[in-house]
Amino acid sequence: MISSRNARTVANLAIASALTILLAACSSMSLPSLSSSSAPEAEPGVAPDMPATIRSDEIVGRWGLASFQNPNDRARTEAAARGQCKQPYVIGAGTSGGVVMHLADQATPQELRLKGSPSGKNYIGPPGPTPGEQDREIVSFDGRVLVTRFIEKDAAVRYGNMVYVRCAPRA
């Protein structure tokens, strides 16, 4: 049996526990405000995706690939890329309207999207904010030569400006 002294201690602990649970329940409830202050403004949502000014079908195909760090080397690099058409880099069409390319440091290509931006720049990358860390900026594109640069600083230093020169169709 419980002595009267122990019973009183047990009863006090039970009451304290019940009050703690009751207070916790009250703090989690949302009660209407009686003040006249205006409601807080809703947080702005994510901006809608902007379409790129370059269509994915414009860059699907076989490309010679080379890169440069120094802008003075661009002409020489384009010639080197043209020479790579014997072993072209193939940009494929994705199943959901994108293009199939490699991300920086990834061995397996995946479908990427062409994305626009309010500044008018175009990017190639996975779905997400523009520009994202894994995106590459399209520096220039004239239909025959595509120049891109990775957004992520470390990848941009390692890979430089990537020059893709369209290979002539097979005869």
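Two strands are taken to pair if DSSP finds at least two bridges between them, and the legends below use the term in this sense for a model that is predicted.

**View 1. Strands β1 and β2 in antiparallel pairing.** Strand β1 (residues 61–68) and strand β2 (residues 89–93) run antiparallel and are joined by three bridges. Within this pairing, Trp 63 of β1 has Tyr 89 as its bridge partner in β2. Trp 63 and Tyr 89 also belong, together with Tyr 164, to one aromatic cluster.

**View 2. The edge-to-face pair of Trp 63 and Tyr 164.** A search of the whole structure finds three aromatic pairs. In the pair shown here, the ring centres of Trp 63 and Tyr 164 lie 6.4 Å apart with the planes at 85°, and the pair is therefore classed as edge-to-face, the cut-off for that class being over 60 degrees. The pair links distant parts of the chain, since Trp 63 sits in strand β1 while Tyr 164 sits in strand β8 (residues 161–166), 101 residues apart. Trp 63 and Tyr 164 are both buried.

**View 3. The tilted pair of Phe 150 and Tyr 159.** The rings of Phe 150 and Tyr 159 are 5.4 Å apart from centre to centre, with 50° between their planes, and form a tilted aromatic pair. Phe 150 counts as buried because its relative accessibility is 8%, a value under the 20% cut-off. Tyr 159, with a relative accessible area of 26%, is partly exposed.

**View 4. The hairpin of β2 and β3.** Strand β2 pairs with strand β3 (residues 99–101) in the antiparallel sense over two bridges, and Ala 93 stands opposite Val 99 of β3. Five residues lie between the strands of this hairpin, in which Gly 97 takes a positive phi near 95°.

**View 5. Strand β4 between its partners β3 and β5.** On one side of the pairing scheme, β3 is joined by three bridges to strand β4 (residues 110–116), and the two run antiparallel; here Val 99 has Leu 112 as its bridge partner in β4. Strand β4 also pairs with strand β5 (residues 122–125), again in the antiparallel sense, over four bridges, and the bridge partner of Leu 114 in β5 is Ile 124. The hairpin formed by β4 and β5 has five residues between its strands, and Gly 120 in the turn has a positive phi of about 95°.

Terms used:
Residues are numbered from 1 along each chain as its sequence is written. This is a predicted model: local features need pLDDT of at least 70, side-chain atom pairs count only at pLDDT 80 or more; totals for chains, interfaces and linings use all residues. Side-chain values use heavy atoms; hydrogens and water are left out. Rings of Phe, Tyr and Trp (its six-membered ring) pair if their centres lie within 6.5 Å; planes under 30 degrees apart count as stacked, over 60 as edge-to-face and the rest as tilted. Buried means under 20% relative accessible area, exposed over 50%, partly exposed in between (1.4 Å probe, protein chains only).
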